[in-house]
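Please examine the sequence and the three-dimensional structure shown below. The report that follows describes selected features of both chains.

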Amino acid sequence: MTISLSQNLIRSSLPIAQGAEAKVYKAHLTPESPPILLKYRFQKDYRHPFLNANLTRSRIAGEARAILKCLRSGVHVPGIRMVDATDGVLGIEWIEGQSLRRLLPGGAEDDGSDNVDNVDSMDTDILKEYGVSVDELMKLIGIEIAKMHRVDVIHGDLTTSNMMLRRPESFTSSDPNVTTELVLIDFGLSYQSTLTEDKAVDLYVLERAFASTHPDSEPLFAKVLAGYAETTGGNWPAIKHRLDDVRLRGRKRSMVG
Amino acid sequence: MPGKTRKTPLKDADRDYLALGLEGSANKLGAGIMKHSKDGAAIVLSNIRHTYITPPGEGFQPRDTALHHREWALKVINDCLTKAGVSMHEIDCICFTKGPGMGAPLQSVALIARTLSLLFSKPLVGVNHCVGHIEMGREITGAQNPVVLYVSGGNTQVIAYSRQCYRIFGETLDIAVGNCLDRFARIINLSNDPSPGYNIEQEAKKGNRLLSLPYATKGMDISLSGILSAAETYTLDKRFRAQGATGDEDTITPQDLCFSLQETVFAMLVEITERAMAHIGSKEVLIVGGVGSNERLQQMMGIMAQERQARVFATDERFCIDNGIMIAQAGLLSYRMGYETPLAKTTCTQRFRTDEVHVAWRA
C-alpha cells in the first residue's frame, strides 16, 4: 500500500497534542511557508471500522464546510489550508495564542486533581497580557457564538477548551481599536441548522461545560449570554425561551420551581 | 497520583464499623453488610440480591416490583445477616437508597429500613444510588480519582469529582442506555433472565453485519431514543428475519441488530468518556452500573484507554449491577463523617441528581 501525501506530511510534522478525537501536529507545507496545524483523525480501534470510516469522513468534511462558512461571514475561526477527508486530515491556520480554559479560574488543573486555589492570582496576570478583563472576555465569547449562529452554524462542542485568544501580534485585523481576538476552534462536531432548538442546545452545552470546569461560573455565563443577546438581536427572546426549556430536560433533574 | 493530594477529611476508624445497606430502586432487591475495620480495610461481609424477572416482552411495572421487594425483603435481609455472621444488634447504621429510582420500589425499601431502625434503635443514612455505585467502584478497584462512566437501566452519566461534588460532565438527553437495550430486547422478544442486557450481549456475538444507525453525540451528551426507534424500524423491514439467518444474502437478523446497536451505542459512550478524560486530563476511567458489566463495552473502553495510556477499572456483575453493599459503603462513609438521616427526613425521591450530594468524605 502506498503512503498518501497526507500521511507523508504527518510523518514530517511535529506532534503537539492528542485530543479526544484527533492527534494534532505542527507542520509546514513548504519549508518557507508559515506553520499550519494538522488535525489528524486517526483510526479509533474501539470503533467498528465501517462506522469509524463513515464518521471520520463526514466529520472532516463537515468541519471544513463549517469553518469556511464562518470565514465567509466574519466569525473568528482559523483559516483552512488543506483537506483530505478520506485520510482524515485537516490543515488549518496556526494560531499563536492560548486556550481559554487555561485563562479562566479552575481551568488550569492539568492532573485532574483539585488545586484551584493557587492559580487565581496567575489568571489575571495572563489576561492582562492579552489586554482584556474576564468580563470583556465573556462578552466576546457571546458575540462570536452569536455571529456563528447567525449564519446557522452550530458548533456542537462549545467548551472553553475550544476557544483561543490570539496573541496581539498575530491579529487578522489591523484596526487599532481591536484589542483582543477570540477564535473559535474545533468544529469537529459542528453542523448546519436554522432551528432555535439547536442553537439553544449549543448554548446549553457551553453552560454545562462552564459549570463543570470553572466552579462558581454562573455570573460568568450570564455575561456570555448578555453578549450573545446583544449581537443576536430580534431572535434572542425565542432562543432564550428555548434555552430555559432545554435546561429542564436533563434526566433526574429536580422538578421543583 | 501526580500533583497535590489533599489530606482526606475521613478520619481513620477508631473501631470496627458495620453497616447494613438496602437497595431497591429498580427491579433488584439487594442487602449487604460492609465492614470498615480498624486497620483501614473495607470488607464485604455479605452481598445478597434477588431480581424481579418479568416474562419476555414485558418490562417491570412499579407496583409489581414494589410487591416483589416486600415479599422478598425478609428472606434477603436474613440471608444477608446469616452469611455475614452478624446480628442486627452489632450494626452501626442502616443505609437505604433515597433515590433516584422508581417511586414505589424505593418507598417499600425505605419502609423496611425505617422499621428495622425503630425495632433495633439504629440510625438511618439515606444514600444517593449513583454515589453508591461510584464509591463501591472506587473501593473495589482502587481507582483514586477516575472519570466515571455510570451506565445502567435508569442512568447514563459521565462524572468526575471536583471540590466535594461528583460533577456530571455528560449525560443522556433522553433515555438511559440500559433502558434503550432493555426495550430493544423486548421488541425482539429476548428473555429477561438473567437480564435483557446480558442476552443482547450474547446475541450480538452472533451478529456480523453493521447496520447504519444514527450516531448522536452532542458535545459530552448523547441522545439514544432515536437510535432505539431506528433499530425498531429495521425489524419492520422486509429483509428482517426474526428467526435468524436463513443463508440468504441480504437479510437482517436480530443478531445483526443487537450487534449494530451495541457497536453504535457503546462507541458513543466511549467517545464522550474519552472527551471528558481529555477535557480534564484524567488517566483513569471507572465503569459502573449494570451496563458496565457488558464485556464488549469494557473491551472498547480498554482499547480507548490503551490509546491514551490510561487505565480502565471495571467490576463484575456482583458490584456493577444494583446491590445492597454499595449503599452500605457510601452510607458508611457519610455516617463516619457524622451524617445521619433523622426519621422525619427518610423520604425517597425519584429525582435525585448525582451532583446534589455533598461528598464530605473526600478531599
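How far apart do the C-alpha centres of domain 1 of chain B and domain 2 of chain B lie? They lie 27 Å apart. The model is predicted: local features need pLDDT of at least 70, side-chain atom pairs count only at pLDDT 80 or more, and totals for chains, interfaces and linings use all residues. Residues are numbered from 1 along each chain as its sequence is written, and chains are lettered from A and ligands numbered from 1 in the order in which they are written.

## The two domains of chain B

In chain B, domain 1 covers 17-135 + 320-356 and domain 2 covers 145-317; such bounds come from an automatic or database domain assignment. The contact between them takes 17 residues from domain 1 of chain B and 26 residues from domain 2 of chain B. Two residues are in contact if their C-beta atoms, placed from the backbone, lie within 7 Å. On the side of domain 1 of chain B that touches domain 2 of chain B, the largest share, four residues, comes from helix 3 (residues 129-141) of chain B. Helices (H or I, at least four residues) and strands (E, at least two) are DSSP runs, numbered from the N terminus. The residues of this side of domain 1 of chain B divide into nine nonpolar, six polar and two charged. Here Ala, Val, Leu, Ile, Met, Phe, Trp, Tyr, Cys and Pro count as nonpolar, Asp, Glu, Lys and Arg as charged, and the others, Gly among them, as polar.

## The nonpolar cores

A nonpolar core is a set of buried Ala, Val, Leu, Ile, Met, Phe, Trp, Tyr and Cys residues joined through C-beta atoms within 7 Å. The largest one has 107 residues, of which B:Leu22, B:Cys95, B:Phe96, B:Leu269 and B:Val285 touch the most other members. Helix 7 (residues 254-280) of chain B gives the largest share of this core, 14 residues. Why does this core lie between domain 1 and domain 2 of chain B? It lies between them because both domains give residues to it. A second, separate core of 42 residues includes A:Ile67, A:Leu104, A:Met138 and A:Leu140.

Beyond its neighbours within four places in sequence, B:Phe96 has contacts that include B:Leu22, B:Val109 and B:Ile327.

## Annotated positions in chain B

For "binding site", an unreviewed UniProt entry lists B:His129, B:His133, B:Tyr150 and B:Asp322. UniProt positions are given in the numbering used here, feature names are shortened, and annotations may be inferred rather than shown by experiment. Although these residues are spread over 194 residues of sequence, they cluster in space, with a largest C-alpha distance of 11.8 Å. The same feature name, again from an unreviewed UniProt entry, is placed at positions including B:Gly154 and B:Asn294.

A residue is buried if 20 or more other C-beta atoms lie within 10 Å of its own, exposed if 12 or fewer, and partly exposed in between, with C-beta atoms placed from the backbone.

| Residue | Other C-beta atoms within 10 Å | State |
|---|---|---|
| B:His129 | 27 | buried |
| B:Asp322 | 27 | buried |
| B:Gly154 | 21 | buried |
| B:Asn294 | 24 | buried |

B:His129 lies in helix 3 of chain B, whereas B:Asp322 lies in the loop between helix 9 (317-320) and helix 10 (324-336) of chain B. Leaving aside neighbours within four places in sequence, B:His129 has contacts including B:Ser25 and B:Thr97, and B:Asp322 has contacts including B:Glu23 and B:Ser25. B:Gly154 is placed in the loop between strand 6 (147-151) and strand 7 (156-161) of chain B. B:Asn294 lies in the loop between strand 11 (284-288) and helix 8 (295-307) of chain B; leaving aside neighbours within four places in sequence, B:Asn294 is in contact with B:Gly197 and B:Glu201.

## Chain A

The secondary structure of chain A comes to eight helices and ten strands, and buried residues make up 40% of its 257 residues. The mean pLDDT of chain A is 83, and 84% of its residues reach 70 or more; pLDDT is the predictor's confidence in each residue, from 0 to 100. Among the elements of chain A, helix 4 (residues 120-129) has the lowest mean pLDDT (59) and strand 7 (residues 153-154) the highest (94).
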